[in-house]
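Keep the 3D view open and follow along.

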Amino acid sequence: QGHVVGTPGYMAPEQARGEDVDWRVDVYALAAIAYRCLTGHPPFTGKDVPSTLYDVVYKMPTQPGQLAHLPPDVERVLAIGLAKNRDDRFDRAVALADALVAAARSELSPELRARAEALLAQQAWGQRR
């Protein structure tokens with residue numbers, strides 16, 4: 001209690017800041033794992049733990065499509081899953097999984113596409129806050 005516990009590059013921003021956490025840190029971690037599986041690269045790497053945690057809190061990872069050939073809708077799902085604000089993320093792991101399946105089939109809903117585009121307009125891939 002009162003300590004930050006986890007693998008730095010896969011921690012949700014609120015977890016990296018040492019704030020109270022809920023189930024959405026696991027949704028974030030699942031999105032980070034999906035990012036690594038789909039691109040072959042972890043979302044965040046730094047020369048040390050503090051720099052990695054700084055990036056987790058303030059930076060969006062490199063655009064997935066720059067690291068691997070991915071459909072734009074898959075990138076959109078990852079953007080929601082890796083949202084800096086927990087309220088902007090999927091509310092359940094199954095929602096993230098369902099969205100990834102839909103994105104891979106080019107069947108992502110217009111609502112999720114718009115949601116992702118709004119998030120990326122606030123903070124684009126690779127940019128710091």
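This is a predicted model: local features need pLDDT of at least 70, side-chain atom pairs count only at pLDDT 80 or more; totals for chains, interfaces and linings use all residues.

Arg-115 lies over the face of Phe-90, 5.4 Å from the ring centre. Here a charge sits over a ring if NZ of Lys or CZ of Arg is within 6 Å of the ring centre and within 35 degrees of the ring normal.

| Charged residue | Ring | Distance to ring centre |
|---|---|---|
| Arg-115 | Phe-90 | 5.4 Å |

Residues are numbered from 1 along each chain as its sequence is written, and side-chain values use heavy atoms, with hydrogens and water left out.

Arg-115 turns up again where two helices meet. It is among the residues of α6 that touch α4, along with Leu-112, Ala-116 and Leu-119, and the α4 side includes Asp-73, Arg-76 and Ile-80. Contact means heavy atoms within 4.5 Å. Helices are DSSP runs (H or I, at least four residues), numbered from the N terminus. The axes of α4 and α6 (residues 110-122) come within 9 Å and cross at roughly 65°. Those axes are lines fitted to C-alpha atoms over the stretch in contact, with angles running from 0 to 180 degrees between N-to-C directions.

Now back to Arg-24, which is one of the buried residues of α2, as are Val-27, Tyr-28 and Tyr-35. Buried means under 20% relative accessible area, exposed over 50%, and partly exposed in between (1.4 Å probe, protein chains only). What do the buried residues of α2 pack against? They pack against α1 (13-16), α3 (49-58), α4 (72-81) and α5 (93-104). After α2 comes Gly-40, with a positive phi near 85°.

Over in α3, Tyr-54 and Tyr-58 sit four residues apart, about one turn of the helix. An α-helix has 3.6 residues a turn, so residues three or four places apart point the same way. Tyr-54 is partly exposed at 44% relative accessible area, and Tyr-58 is partly exposed too, at 36%.

Most residues other than glycine have a negative phi. Ser-106 isn't a glycine, yet its phi is positive, about 60°. Is Ser-106 buried or exposed? At 55% relative accessibility, Ser-106 counts as exposed.
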